[in-house]
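Here is a friendly walk through one model, with the coordinates at hand for you to follow along. Open it in your viewer and let us look at some packing and backbone details together.

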Amino acid sequence: MQIPAPFDYERASDVANALALLERHGPESRIIAGGHSLLPMMKLRLARPEWLIDINDLAELEFIRRDGEELRVGALTRHTALLESADVADLFPIIHDAEQVIADPVVRNRGTIGGSLCQADPAEDLSTVCDVLRAQAVIRGPDGERTVPMSDFHRGPYETAVAQNELLYEVRFAIRPRSGSAYEKVERRVGDWAVVAAGAAVGLAADGTVEEAAIGLTAVGLDGTIPEAEAVLLGQQPHEELFVEAARIAAAACHPVDDQRGPVDYKRHLADELTRRVLRRACARAAGAQEG
Amino acid sequence: MTTVQEHAPNPAAGDPGRPIGFGRLQRKEDPRFVRGKGNYLDDIVLPGMLHGAILRAPVAHARLVSIDTSEALAHPGVRAVITGKDLQALNLAWAPTLSADVQAVLVTDKVRFQGQEVAFVVAEDRYAARDALELIDVEYDMLPPVIDARHALDADAPVIRDDIEGRTDNRIFDWEIGDAAETEAVFAAADVVLTQEVVYPRVHPAPMETCGAVADFDPIDGRLTLYETTQAPHAHRTLYAIVAGIPEHKIRIVSPDIGGGFGNKVGIYPGYVLAVVGSIVTGKPVKWVEDRSENLMSTSFARDYIMQGEIAATKEGKILAVRTSVLADHGAFNATAQPTKTPAGFFSIFTGSYDLKAAYCKVTGVYTNKAPGGVAYACSFRVTEAVYLVERMVDILARKLEMDPAELRLKNFIKPEQFPYANKTGWVYDSGNYEPAMRLSMHMAGYEDLRREQREKRERGELMGIGVSFFTETVGAGPRKHFDIVGLGMADGAELRVHPTGKAVVRISVQSQGQGHETTFAQIVAEELGIPPESIDVVHGDTDQTPFGLGTYGSRSTPVSGGAVALVARKVRDKARFIAAAMLETRPEDLEWEKGRWFVKGDPSAGKTIAEIAFGAHGTVALPDGIDGNLDAEVTYDPPNLTFPFGAYICVVDVDAGTGHVKVRRFIAVDDCGTRINPMIIEGQVHGGLTDGVGMALMEIIAFDEDGNCLSGSFMDYLIPTAMEVPDWETGFTVTPSPHHPIGAKGIGESATVGSPPAIVNAIVDALAPYGVTHMDMPCTPARVWEAMQGRARPPV
């Protein structure tokens, strides 16, 4: 049994109460949802919060709701719920792709989208997914609610726009016609962090040319998407040469580091290979959506 | 005689699903495990029990300057803080290892590996104990570490073991076997000679349950009761008597349910000794249970062999000789658990399953600034490394000669009529019939179809590999004249009592860590006495309750203790004949045995069952002279030879050419462990071992950085396989009984761990053939596979 440093614990009754508890206990308090990132770090004494504020009772944060031209996902929505949602699979196949390779069923049953985003691990899959889908994060705090685009949400490894006294409330995804998206990851073993993963989303114009494109990479030192790679596709009919060129640019843009998962050149190769794969799949899906 | 027939259930059992004796039978121990009613070490709670925690060194090599424990002692709930200096006063700072070395219980002079034990806190609960560790102030004076075994013998390498008088380098031993000159002559005359460095990286057994102990020292009568996660309770008792000076009759070792051992729980760890010291010091029972990181970083690792392999053959594919020179990384203390006379374990079985003209091997063991241990993880005393080396070399030869690897093996097998077969390094293989096993595995795999599919896929640029391995295992040590551990001969005892109503209890000296002893050993008695397995209790794991013996490791339970149990049951059966004769008022020689009863020859209706005889033995029947009034017996079994199980494995992999990711698509395992006692348990052992093999082949390694920091100290970094990485196992079997074992059984516990890594790596190398790859070392992670495809395969260390 691994034993964390001493801490105190409170269970929040609603969002307002959670915010009040954060205010009361100050900078050494941390929100806990699924706990699958925080608890291992606490057991290894890498994280030592003095207070844990448990939001697992906050059913108001657990929803997947189609609202006009947006899909709204509550921060406490479990990975399993995202994986099992027909709306998600239909509208944002990249989420479905990613959820299939996030950890294992035990973790997915407890882990949440909000926890994943707020943990902001550099190898976190949903961060890339939300970047690529150009999602909006809705954050609540003592001064009310604010909406932050994903491009402003990430502030580097383990850092986000959510202040200590704030709570991620929901994530909003814009629904676009003739769109497709995909995610693929290489891992040493199921449940391991990504060696590298890539995500892509495209929106096609009525004539089949690429109107919108987003490309993101996981675990290679990038924040946000890769505009110079995306630019290659814009206004063009999707085809393999473009994918190759965009992937080449994406691979050149990333900053992998050598570690137990692989050397820099391999990771750069994967960035290239996986970008091509997800672009192919995202475009095929978009074309399919167009026909449908 | 080889057969593919299973033992039929005994119709006398009434229910054909419940054999009396050998056959498929659900494990007797499982109801308590599946209902969460197992009693593991950490379930033990004694009145007034305190909790221990170990402060471990954060660095790999450093002189200890000072330790200040005052703040920790002042922490609420802390009862004692023990340092190396305290142990020195008790003459307990150093303890003998299982390999004639000593190991520090707590650091006194310098730290020799990251994670080494520095101080021990005893507190009222485990939280206080753990928190107090952070209050101990230690000052270290850093020393340059020796991490790469290849540089351990460099002239300027720091001497790790300066505690040993007169030591000037890091060499532990040089050991050789085989005829060097004869081997050189064969190599010189051979058509084909191939060489390859083959590395078996450091891996960890990683049992689900970590190691721990609860020590309860009674200061009034000087008696020590020690609950431990141990695979060898009796050997431990003797060692504690020697180490701690507590008389052996005052020591009771209890090994409760064990959640996996794989060799990790053979040795005595500092934590066990510290729990004992903690109990002596505080006068209370003390529990110490390590956490996962402690288990991975400080307890017995496995492998860590750098092998220079050589193979000589004719151009027609007749293998003539093998030769190797090995650099063995033993870590900071030589704490390898293995027989005294074989410092490289049974590695000299690296001649494999082939009829060779010559063989020679040389092993050099070195100290490094890494955790001690070795010979763990279901390795059959280094048969794992040996089989991996020879099976890689044979595949490299097949590639060179452009021969099919299965055909090359078939061409070189030891023939059935050559058994018992004396190999070139001193082993006498008891029995074997290799070709039928190889052919069966090829048939199950659809070998020709697989090769056809592979050709088609290669034309499309898809990477599919088919890997073959054939292994011969070496398990069941003794005989005691050849094999001992710290002087204790490797034999095992058994005691059998049949109660008056015909129910029995058999007490054994080996300890289950999940192997199903409570079922298997009941079935052996059932087979011999003809009473149902459910009427037989198997007692193990408590030195006060069981006869002396060396314990469970090296797949020795069935070969050694299984022999003891069969013989003790036969002794009871023989005694029953005399008692039955008295009851039937006839002569013993006029009686005939059928399973479960003695009856009068020619008059089957006149007979007595074992239950009737047991009641007679304890009843009022007049017994013949020399027959006492019970139906009990005991034996100690010293096996005349080891047993040599074997198997033919075929693995099919698909490799993603774009990412290097390996998928094990199929795995066919044909095992021959001689007589099959419980096929269900055998299959379970094989499934587990194959899964181990996938782990080692694809992902497992205990890695270090250049400063000696362990990079694999949690399951986030030390990967073990999940259900997603393994295919549906396809198992088959042949039966070639051991000629010398009482029931013809061989061991099975480690066969699959030994045999599967080469099959998987051979399959991966085969898949990468279009890239000119002839060898790559484990673990075959996506990155390492991709590097091999780029022509940059590199050793993992």
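In helix H4 of chain B, the buried residues are Ala128(B), Ala129(B), Arg130(B), Asp131(B), Ala132(B) and Leu133(B). Please keep in mind that this is a predicted model. H4(B) spans residues 126–133, and with 6 of its 8 residues buried it is mostly covered. What do the buried residues of H4(B) pack against? Their partners in chain B are strand S1 (50–56), helix H2 (70–74), strand S3 (78–83) and strand S7 (117–123).

**The nonpolar core**

The largest nonpolar core holds 343 residues. The members that touch the most others are Val196(A), Ala200(A), Val121(B), Val525(B), Val565(B) and Ile764(B). Helix H14 of chain B, residues 557–584, gives the most to this core, with 16 residues. As background, nonpolar side chains tend to be buried together in soluble globular proteins.

Leaving out residues up to four places away in sequence, Val196(A) touches Val186(A), Leu217(A), Thr218(A), Ala219(A), Val220(A), Lys267(A), Leu270(A), Ala271(A) and Leu274(A).

**Two helix pairs**

Two packed helices are described by the angle between their axes and the distance between the axes. Here are two pairs in those terms.

| Helix pair | Angle between axes | Axis distance |
|---|---|---|
| H9(B) (383–401) and H17(B) (751–767) | about 30° | 8 Å |
| H5(A) (93–100) and H8(A) (125–132) | roughly 170° | within 10 Å |

Angles under 35 degrees count as roughly parallel, so H9(B) is roughly parallel to H17(B). The crossing of H9(B) past H17(B) is right-handed. On the H9(B) side, the contact is made by Val383(B), Thr384(B), Val387(B), Tyr388(B), Glu391(B), Arg392(B) and Asp395(B). H17(B) answers with Thr753(B), Val754(B), Gly755(B), Pro757(B), Pro758(B), Val761(B), Asn762(B) and Val765(B). Sorted by class, this contact has 8 nonpolar, 4 polar and 3 charged residues.

The other pair sits in chain A. Angles over 145 degrees count as roughly antiparallel, and H5(A) and H8(A) are therefore roughly antiparallel to each other. Ile94(A), Ile95(A) and Ala98(A) of H5(A) meet Asp125(A), Leu126(A), Val129(A) and Val132(A) of H8(A). This contact has 6 nonpolar, no polar and 1 charged residues.

**Where the chains meet**

How many residues does each chain bring to the contact? Chain A gives 21 residues and chain B gives 26 residues. On the side of chain A that touches chain B, helix H12(A) (residues 264–291) supplies the largest share, 4 residues. That side of chain A is made up of 10 nonpolar, 5 polar and 6 charged residues.

**Two residues in their surroundings**

Is Arg63(B) buried or partly exposed? With 14 other C-beta atoms within 10 Å, Arg63(B) is partly exposed. Arg63(B) is placed in strand S2 of chain B, residues 62–68. Apart from residues up to four places away in sequence, Arg63(B) touches Lys110(B), Tyr140(B), Asp141(B) and Leu143(B). Lys601(B) is 538 residues away from Arg63(B) in sequence and 79 Å away in space, C-alpha to C-alpha.

Phe333(B), in contrast, is buried, with 25 other C-beta atoms within 10 Å. Phe333(B) lies in the loop between strand S16 (319–329) and strand S17 (358–366) of chain B. Its contacts, not counting residues up to four places away in sequence, are Thr97(B), Asp101(B), Gln103(B) and Pro372(B). Between the C-alpha atoms of Phe333(B) and Pro547(B) there are 31 Å, and the two are 214 residues apart along the chain.

**Backbone points to check**

If you plan to set up a calculation, here are some backbone angles to look at. The peptide bond from Ala477(B) to Gly478(B) is cis, with omega near 20°. Gly478(B) is in the loop between strand S20 (463–472) and strand S21 (484–485) of chain B. Met778(B) and Pro779(B) are also joined by a cis peptide bond, with omega about -5°. Pro779(B) is in the loop between H17 and helix H18 (782–789) of chain B.

Arg178(A) is not a glycine, yet has a positive phi of about 50°. Arg178(A) is in the loop between strand S8 (167–174) and strand S9 (179–186) of chain A, and counts as partly exposed with 19 C-beta neighbours inside 10 Å. Arg382(B), not a glycine either, has a positive phi of about 75°. Arg382(B) is found in the loop between S17 and H9 of chain B, and is buried, with 31 other C-beta atoms within 10 Å.

Notes: Residues are numbered from 1 along each chain as its sequence is written. Chains are lettered from A and ligands numbered from 1 in the order in which they are written. This is a predicted model: local features need pLDDT of at least 70, side-chain atom pairs count only at pLDDT 80 or more; totals for chains, interfaces and linings use all residues. Axes are lines fitted to C-alpha atoms, for helices over the stretch in contact, and angles run from 0 to 180 degrees between N-to-C directions. Helices (H or I, at least four residues) and strands (E, at least two) are DSSP runs, numbered from the N terminus. Angles under 35 degrees count as roughly parallel, over 145 as roughly antiparallel, 65 to 115 as roughly perpendicular and the rest as oblique. A crossing is left-handed if the near helix is turned anticlockwise from the far one by less than a right angle, and right-handed if clockwise. Two residues are in contact if their C-beta atoms, placed from the backbone, lie within 7 Å. Ala, Val, Leu, Ile, Met, Phe, Trp, Tyr, Cys and Pro count as nonpolar, Asp, Glu, Lys and Arg as charged, and the others, Gly among them, as polar. A nonpolar core is a set of buried Ala, Val, Leu, Ile, Met, Phe, Trp, Tyr and Cys residues joined through C-beta atoms within 7 Å. A residue is buried if 20 or more other C-beta atoms lie within 10 Å of its own, exposed if 12 or fewer, and partly exposed in between; C-beta atoms are placed from the backbone.
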